[in-house]
Each structure stands twice: as C-alpha cells, then as structure tokens.
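Thanks, everyone. I will go through one structure this morning, so please have the sequence and the model open.

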Amino acid sequence: MNVLLIDVDSLRPDHLGCYGYGRETSPTIDSIARQGVRFERCYASDTPCLPSRTALATCRFGIDTGVVTHHGEGQRYDEPGDGHDPGSAVVPAFRHLAEHGVYTASVSQFAQRHLAYHFSANFQESITPTATAGGPAIEDCSDVTPIAESWIDRHAGDGDWLLHVNYWDVHHPYLGIEEFLEPVRESGPAPSWPDQEAIDDQRGMTGVRCADLWPSATQYRGDWEDFYDYPMPESVEGPEDVAQFVDGYDASIRRVDGEVSKLLECLERNGIREETAVVVTADHGEAFGEHGIYAEHAFPHPACQRVPLIVSWPGVTDDAAGAAIDGQVYQFDLVPTVCELADVPIPSGWDAEAFTPALETGAFDGRETIVSGHGIYTYGRAVYRDRWLYVRLVHPGVYSLPGLYNDPDLPSDGLELLHDLESDPNQTTNLAAERPEKAAELRGALDRWLADRLSDARRGRNRGEGRGVDPLARTAARGPYLYVDPAELLALYREHGRTAEQIAALTRSMERFPRAR
C-alpha cells in the first residue's frame, strides 16, 4: 500500500467545506473526504509547528521527547539511547515504517526552518524544495508540487511507500493568492463572528496579533507592511478587518487545494490512485478572534490545536466512505493506524494508538480525554473532554485577557480557563469560577496525566533515567518570547499612549513572570 501524506501548515478544519465551511475553499480536499473518513475532533498533542511535527514523527508527547516549543531548551529533541543505539522501545515513527519495508520520503523545508533535523532523519529520503527557509525566503507551493510529482513518477511502480508532502502557504503572509481572492469572496461571506461587540470587548487587552495591535513591536517600528504583499490590518477595528485576515487565509487554502489536485492527478496518471491512501492533515490551526488573537497560533485552544484529519484509503467500505468520526483522536494516532493497515507491528513505547476501526466501519469511540500542550507566545496545556475545554497556562507571555490576568490578586499558578464548547464555541466566557466542580474534575485529569508522564517508572521505561521535570515548565523561566520582547512591547505602549490598564497589566505580568536572559 502507498500513502500520500499531505501536511498543510496552519490549516484549521472549520475553514474546509467538508467540515461545514460555507465558502468554496477546498473542492479537492472535500472530494477526498467524500471517498474516505474525516475526524471531527482530532487534536495535535503538542503545538505549534516544531512540537507538533516532532510528535507526529515520534508518536510521543512533547513531555516525553523534550520538544515543547520553538526555541531554547524546549526545542531540543531528547532522543533516548546511548552512543549509536537509539533504543528500540522508542524508535521514531517513519523510521519504524522504513525498518519494516515501507519506503519513506518527505518533501518539506520544515526541518531546515526549525532546525529540526531529527524530523528529516526519520525518513529514508528527505528533500528540501529550495535552498533557504525562514524570513523573506519562504518556499512556495509551486516549489513543492513539482518535486512531489517527480518523486511519484519515479516511485509509482515500487509499492509500499509513504510520501510526506508539506505545504507552508496557509501560514501568513498569504503570498501568491491574487487569483484566488475573488472566487473565495464570491463563494460566500466571511464568518459572522467575531462581530463588533466581540471586537469591542477585546480592545484593550495586551499582546501581539490581537485587536489592539497586530504586528509585534519590532515589526511595528520597522517596515512590517513591506513584508506582507497581501495587506494585513494594523489593528482590528471592526468585522471588515477580520474579513481582511480571513479572506487572505481562505484564498491561501484554495491555492493549496489546487496543488493537492495536481498530486491526485499525478497518482491517476501513474495508475496508482486506487491503491494509494491519501491523508490530509496539519500541524496546527490559526485563531481568528478566539481569545482575542488573529491570524496566529498563540494559545492552547481549539483554534490552534484542533486539526483536520482526512483519510481516504484503498480498503474503505461503503459504510465508512464519507463518514464523520466524532470520537477524539490525536493527530499522531495516524502512524500506528498506517502500521496496522500495512501489517507492521506497533512498538510498545509509542503514546499513539491506532484508529483503524474508524476506517473499516465508519465508527470509533476515540479517546475520552485529550491533553494538548502549547509552546509559543504562551505556554500551557488544554484538556478536551466531552463538551468541555480546560486550559492551564504555565506562562501567559505578553497576553492579558479580561477577567483573567488583570486581577492583581490572582496567584501566578492560578491561570486557568474553563469553556463549554457546545454553548460557547468561540470561548468568550470563562466558567472556571462559575463551575468549580467541572474545573476541579479537569484540573485533576491534567494533574494525573502529568504525574503519569513524569513518573520514574515511565521515564525509565521510555527515556532512560531523567530529571522528571515537565519540559514546558522548565522553559518558562526564559518565557515564550521568541517572536516578541515584552520590554519592547511595554515601551511601545508607553510611547503610543496605550491605556494605563494595559501598561499596568503588562507590567504585572512581567513582574510575575520575570524573563531569564
């Protein structure tokens, strides 16, 4: 069996037609969903990019691998083993497939952009589409697709391969989207939330990529607008500014969807579409107003942590085709599922679990509880159970939310939120104080999860003897400040006459969470 794994950076599922979106952003991806199975509640175990793809490539949580953020100690992969022996109990995911006869390859610049060479080393063949990555040198989908097509042309007749193809274009700055903007706009309006009332409520919070100030302080003082060929609002004054973000995002999805169509045509041209499993997923999503954040992955919430997972495979039954699975899964559960479909044994050291019955019957209970970590702009973890979202922040970064960080009596370890996702899908009301019993239940679930992951017995089994310290907490002393300097933001607030409440809130946060240099 062949597997084409399409990995789209920053793609949130509810902007795809197959997940109910009203705009025509994804006709090709929608067709894949009709032929296969889509998962309604799939979450990355760790976000954003570097933690998420490390988890996918190892089938383990960031708390086990050590990769929980984009910089410093929290970006370093703590591969167990000694000398040249990596330790068989925790063999990385794609290397494990290769060791059992599945030829693995990746077309991606991710490892170069994030210095994540443990990711590219997972594959027998790793191809970077262009020579540079990061900053203004951003790879384009037009660089990626021809390389992937060429690879398929060469390996079409080999059988038993997995090709990972990574598109970055849905991440801002939304380049090359001019021809896709009007078709997307004409296909339907942007989402109605956040409306003016919601935007007004968000004004005055501190942070970047938020309603009051979208660019970072460094960008704001520089030529930040020159970086964005597609114009990005300086601040969010009303729904028209939200629509400007969303239009660029949706047009980028539509552009990538066209590239996915080319890959499917390549499979057809080589006569192997019917014997190739096609998977569409993402490393994380993007907020468009949730918790006051716009066009950024900055918080442990569904906008960032919920990702699409669509699997169309050759053995899909009539009962399963087009099914929507409501059971909760982790994104890294994909790899043990591929193992089962390819008759490859699943290592005992993985945290991932197969969801094969969902592909065979269209039904699957899934996991009762999901714990998902987040490690840039803010540090924290979310617990997903039934209709509930519980968030515990280890470090709030430069963000203040009304009713949460602005309370000077709030203890530094009391940064938690509780949301009813059924009645409040946009997470506008924190119910932690109003529903203390539910907050206690999910708080306890997170505490037990942490205790289990950090136990000496587990660490001895999975990683060798370790320090037993949560790597997310360990990195908090440095702070989630790779992309923003809190002192620089505070100076900008003072220089531009921001409110006394904003200055006080950010000052309190800096005092409560001092930055280690």
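I start with Pro-194, which sits in the loop between helix 8 (178-186) and helix 9. Helices here are DSSP runs of H or I with at least four residues, strands are runs of E with at least two, and both are numbered from the N terminus. The peptide bond from Trp-193 to Pro-194 is cis, with omega near 5 degrees.

Some ground rules before I go on. This is a predicted model, in which local features need pLDDT of at least 70 and side-chain atom pairs count only at pLDDT 80 or more, while totals for chains, interfaces and linings use all residues. Residues are numbered from 1 along each chain as its sequence is written, and side-chain values use heavy atoms, with hydrogens and water left out.

Next, the surface charge. Asp-195, Glu-197, Asp-200 and Asp-201 form a negative surface patch. Patch members have over 30% relative accessible area and no salt bridge; like charges are joined within 9 Å, and nonpolar side chains (Val, Leu, Ile, Met, Phe, Trp, Tyr) within 5 Å. Asp and Glu count as negative and Lys and Arg as positive, with His and the chain ends not counted. Each charge is placed at NZ of Lys, CZ of Arg, CG of Asp or CD of Glu. Areas come from the Shrake-Rupley method with a 1.4 Å probe, and for residues only the protein chains shown count as cover. Asp-201 itself belongs to helix 9 (residues 196-202) and is exposed, at 53% relative accessible area. By exposed I mean over 50%, by buried under 20%, and by partly exposed anything in between (1.4 Å probe, protein chains only).

There is another cis peptide bond, between Thr-47 and Pro-48, with omega about 0 degrees. Pro-48 is in the loop between strand 4 (46-47) and helix 2. How many of the residues of helix 2 are buried? The count is 10 of the 10 residues in 49-58, so helix 2 is largely enclosed by the rest of the structure. Among the buried residues are Cys-49, Arg-53 and Thr-58. Cys-59 follows helix 2 and has a positive phi, near 60 degrees.

Positive phi turns up elsewhere. Asp-160, which is not a glycine, has a phi near 55 degrees; this residue lies in the loop between helix 7 (141-155) and strand 7 (161-167) and is partly exposed at 40% relative accessibility. Gln-427, also not a glycine, has a positive phi of about 55 degrees. Gln-427 is in the loop between strand 17 and helix 16 (436-453), and counts as buried at 5% relative accessibility.

Now the salt bridges. The whole structure has 35 of them, where a salt bridge is a side-chain nitrogen of Lys or Arg within 4 Å of a carboxyl oxygen of Asp or Glu.

Asp-250 pairs with Arg-23, with the closest N and O atoms 2.9 Å apart. Asp-250 is in helix 12 (residues 239-269) and Arg-23 in the loop between strand 1 (2-8) and helix 1 (27-35), so the bridge ties together parts 227 residues apart in sequence. Asp-250 is buried at 0% relative accessibility, and Arg-23 is buried at 5%.

Arg-387 and Asp-420 form a salt bridge at 2.8 Å, N to O. Arg-387 lies in the loop between strand 15 (378-385) and strand 16 (388-395), and Asp-420 in strand 17 (residues 416-420), so this pair ties together parts 33 residues apart in sequence. Arg-387 is partly exposed at 33% relative accessibility, whereas Asp-420 is buried at 7%.

Arg-367 and Glu-353 meet in a salt bridge at 3.8 Å, N to O. Arg-367 is in the loop between helix 15 and strand 14 (369-376), and Glu-353 in the loop between helix 14 and helix 15, 14 residues apart. Arg-367 is buried at 17% relative accessibility, and Glu-353 is partly exposed at 47%.

Last, Asp-351, in the loop between helix 14 (334-341) and helix 15 (356-361). Asp-351 is buried, at 7% relative accessibility.
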